[in-house]
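Please read these notes with the model open.

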Amino acid sequence: MGAFRWITLLLSIWLICGSAHAERRVALVMGNSAYKSVPKLSNPANDAALVGGMFKKAGFDWIDIRTDLNASEMRKALRDFGGRARDAEVAVIYYAGHGIELDGTNYLIPTDAALETDSDVLDETVALDRALFAVEPAKQLRLVILDACRDNPFAKTMKRTVAARAIGRGLAKVEPTSPNTMIAFAAKAGSTASDGDSKNSPFAAALVERLPTPGLDLRKAFGFVRDDVLKNTSYKQEPYVYGSLGGDDVALVAAKPTTTGPQASPDDAIRRNYELALQLGTRDGWNVFLAQYPDGFYAGLAKGQLNKITAEETRAAAVEKARQAEEDKARLAADRAKKTEQDKAAAAAKAAEDARLAAEKAKQVEEAKAAAAEQRRKEIEAAVAKALADKQAAEKKTSSEADQKLAALPSTASSSEPAPSPQELAKAVQSELRRVGCLADGESSEWGAKSQRSLTLFNKYAGTKLNPALASSDALDAIKARSGRVCPLVCDHGFRANGDACVKIACRAGYRVNDDNECEKVQDKKPVATREDTNKRDAERKQVETAPAKPSASGQMICNNAGCRPVKPGCRLIDNRAWGSGVQAEACN
């Protein structure tokens, strides 16, 4: 009987706990909106509530939703979550708010950060590596989702303590070192994400739409998220995923169970437990089964099995009683007892035999009932299995016919999403050209000469042979494949490159920018002796010599009664014979 008790105990534990086991999934959701040193963000708190609700509907075992956390609160939340992740199969962290990249390292910015200088980043923010450390203990999947690539207002006012220190645009590329780890960015490394014009960001809205799909592999789910965000932002924002998973599909929500063959019963767990109790065949085993499943089809069968066991126990007791009566009868006969006692013993033996026969008959009746019930169970299960098989075959046939009809449609009708218009495609290509440093102007819907020159520059430095005359999908894909700057940054004289911008070169007093764009000391000017230009002098002299002579006085004197005076310029003396010989007069032209 001791062995039966142990078996019954193990059966009880298995029935109660075995079927209820499932992988443990935990999630930490953080959204920072109310920043103290920069303008408030409208969406992160709403995004955190939306994504947290998605995890609840997905059946996660533990979800912690936090909003507007300061630095100490963020560190404590990550520390507590790391403890939860030790016992989890799946651990997920979602963060919405501001983030910053400094010297290739990403940081999440709490609401109380001021970040007056670049060195404050190390003290006032929380490194992304801290979040990766928190999810690392999970056994199956480690997932970090960052909607933190917004245009960072801290970088505009932050003072640099080291001129060469780089503060990037958006977040930097990350390569996880732990296996089965994925990091999802709302926008590709080096680019910024939109906070959205509605209640939630485009990235958060796409996440809650795609991730909870039962049985959908995460890699494919994030691919759908990328497509949705690109479409909703006119191809300006492209989410990106870093890390890798194994060959098996990894879904955030497990697929709904589907029948792959005939099933014995709609409720598989109860059937398996019933068959286990049937193999055990003890009263205690059936009592445990009925305590777990007191009602239903299998409960009635279990009660019939209990009646069968009761009949067997009654029969065994009657057989034992008949045996004892026969022994008493034989003993009295051997002892030559009185006839009355022998008759009494014979009557008792007969009564015991009758009771044995009745118990035997009752046992046979209960066995027949149990056998009939078992036959009925098998018939019902066979009917259910046949119905399920017929349903599955019909669904398979319908699916095959639908696939054939879909294959017969034109290829242009197979796409569920319309292709972007030429104007949208032009803006998307211009946006990517601007991202890789090949286009200085903003995006427009026109693909003009500037855009064509920009694509030609991209071909030159990227080694591609794209047609610059038009904006094509091939060009868009080729440019998106480049993660960093392609075209070199060219600055005018007096300016130098600083990241993705040209800044004016400022020289200290007494220095100026030379032809090599370097500061040099200004030299004092000294007088320099020069040789007279003989060509100029000769030309002036020739001009004077060839000029007509101006009228001048002749040097003659004329005298009359009033006295003598010089002859007027342009005049001369002549003899005036009318007045007599020796009388002179003045004649003018």
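1. Basis. This is a predicted model, in which local features need pLDDT of at least 70 and side-chain atom pairs count only at pLDDT 80 or more, while totals for chains, interfaces and linings use all residues. Residues are numbered from 1 along each chain as its sequence is written, and side-chain values use heavy atoms, with hydrogens and water left out. Helices (H or I, at least four residues) and strands (E, at least two) are DSSP runs, numbered from the N terminus.

2. Helices α3 and α5. The axes of α3 (residues 71–85) and α5 (residues 128–135) are 7 Å apart, at an angle of about 25 degrees. The two helices are therefore roughly parallel (angles under 35 degrees; axes are lines fitted to C-alpha atoms over the stretch in contact, and angles run from 0 to 180 degrees between N-to-C directions). On the α3 side, Arg-75, Leu-78, Arg-79, Phe-81, Gly-82 and Ala-85 meet Arg-130, Ala-131, Ala-134 and Val-135 of α5; contact means heavy atoms within 4.5 Å. Six of these residues are nonpolar, one is polar and three are charged, with Gly counted as polar.

3. Sheet β4-β5-β6. Three strands in this order make an open sheet with antiparallel pairing, where pairing requires at least two DSSP bridges between two strands. Strands β4 (99–102) and β6 (126–127) are the edges, each pairing on one side only. Two bridges link β5 (residues 105–108) to β6, and Leu-108 has Val-126 as its bridge partner in β6.

4. Strands β14 (residues 557–560) and β15 (residues 563–566) are antiparallel and pair over four bridges. Asn-560 faces Gly-563 of β15.

5. Ile-167. This residue sits in the loop between α6 (154–157) and β8 (181–185). Is Ile-167 buried or exposed? Ile-167 counts as buried because its relative accessibility is 15% (buried means under 20% relative accessible area, with a 1.4 Å probe and protein chains only). Beyond neighbours within four places in sequence, its contacts include Ile-100, Glu-101, Leu-102 and Asp-118, as well as Ala-155, Met-158 and Arg-160.

6. Asn-273. Helix α9 (residues 268–280) contains Asn-273, which is buried at a relative accessible area of 2%. Its side chain makes a polar contact of 2.6 Å with the side chain of Tyr-293; such a contact is a pair of N or O atoms within 3.5 Å, one able to donate a hydrogen and the other to accept it.

How values were computed. Buried < 20%, exposed > 50% of the residue type's maximum accessible area, 1.4 Å probe, protein only. Parallel < 35°, antiparallel > 145°, perpendicular 65-115°, else oblique.
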